[in-house]
Amino acid sequence: MARKPPGINTGSMADISFLLLTFFLLTSSISTEQGIPRRLPPPKKDTEKTIVDINKRNVLNVMVNFNDAVWVNGQEILLAQLKDKAVEFLENPTNSSSLPEKEITQIENMGEYPVSKGVISLTNDQSTTYNMYVQVQNELEKAVNELRDKVSLNYFGKKFDNLDTASRRAIQKAIPMNISEAPPIDYSKTE
Amino acid sequence: MGRFKKGEKKDVPEINTGSMSDIIFMFLFFFMVITNMRESTLKVHFKPPLASEVQKLEKKSLVANIYIGAPLGKNENTLPPGKVSVQLNDQTIKAEDLVEDVKDFIGTERESRSEADKAKLTFSLKVDKNVQMRYVNTIKQELRNNNALKINYATGKKSDMKLK
């Protein structure tokens, strides 16, 4: 009678692969790259002058001071109020003369749309913490997203995120993201 | 009566563990695919701020990271007054070399991409949430001077913000 060859013990194989698994879990990061994308203005020295030319009603001055407090057009507000301020400013639902004017623009897929000429001017202090700065950027982004959702629901019956690329471009033209960053001020040096 | 029958005792069949390793290997490959190795060791303390309106960056290969934060080691180069370091690639940079180093960094990052990808290259600012804006502004100014305009403020994801 031929002897059955002994099987290789594979019990420890699982242990080895567990070891590899934990090794990879520890050395790798799942975190995907995410954040708030922005475009810097092209290098130019006289950008400040072009800002001055813009009509005063078309500018919303957002300032984050050294104390991380938010000031909008010379008034201190809470961070939670900033979004509504920005929405009101960009939307100008009542066509008020103190809020930005609109320009009827021909947009592909949408026809004529009154595009707001409003620009949000963001100033930060050198001592502002980065966290606060990102929160302010986030609130402004939220305001624009809210408006974009609203307009795309009106025109296309869908939220902005669910639109196809062409309609998305149209909405982006209708509600542009106009944030202009003024040169930072330095509180500690003005003392 | 009452005698055990020798030789006819039936063994409980062993559980076959052969496929166990296959399952674990499957896990392993799954994790290897969805994760990515840390390409550079962090030399600065980096805890991103949280934001709700985050967007995912399209491709990881089109992102170059700039870390700004408090140095982890004592021997790292810092920017004056000495609490914050800027890390490019694998090392923190000296204050006096900042302009040159940032320029070189942008240059090499651009060089290593194909012609078509150069325009899509995003510089992700991975800044610790407690850093003051002055350092971020300096870096932003340098990026601007070198025509690297596509930037990203790296943040964590906060599902819904409760402010008040």
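This is a predicted model: local features need pLDDT of at least 70, side-chain atom pairs count only at pLDDT 80 or more; totals for chains, interfaces and linings use all residues.
Asn73(A) counts as partly exposed because it has 15 C-beta neighbours inside 10 Å.

Residues are numbered from 1 along each chain as its sequence is written, with chains lettered from A and ligands numbered from 1 in the order in which they are written.

Back to Asn73(A), which sits in the loop between strand E4 (70–72) and strand E5 (75–77) of chain A. Helices (H or I, at least four residues) and strands (E, at least two) are DSSP runs, numbered from the N terminus. The backbone of Asn73(A) has a positive phi, near 45°, and this is not a glycine.

Asn92(A) also has a positive phi near 45° in a residue other than glycine. Its place is the loop between H3 and strand E6 (102–107) of chain A. Is Asn92(A) buried or exposed? Asn92(A) is buried, because 20 other C-beta atoms lie within 10 Å.

Helix H3 itself covers residues 79–91 of chain A, and Asp84(A) is part of it. Asp84(A) and Ser12(A) are 72 residues apart along the chain, with 61 Å between their C-alpha atoms.

Over in chain B, Ser52(B) belongs to the loop between strand E2 (50–51) and strand E3 (55–56).

| Residue | C-beta neighbours inside 10 Å | Class |
|---|---|---|
| Asn73(A) | 15 | partly exposed |
| Asp84(A) | 13 | partly exposed |
| Ser52(B) | 16 | partly exposed |

Now for chain B as a whole. How many helices and strands does chain B have? Chain B has four helices and nine strands, and reading from the N terminus they run α-β-β-β-β-β-β-α-α-β-α-β-β. Of its 164 residues, 29% are buried. Take the contacts in chain B with a separation of 6 or more: 70% of them join residues 24 or more positions apart. A contact here means two residues whose C-beta atoms, placed from the backbone, lie within 7 Å.

How values were computed
A residue is buried if 20 or more other C-beta atoms lie within 10 Å of its own, exposed if 12 or fewer, and partly exposed in between; C-beta atoms are placed from the backbone.
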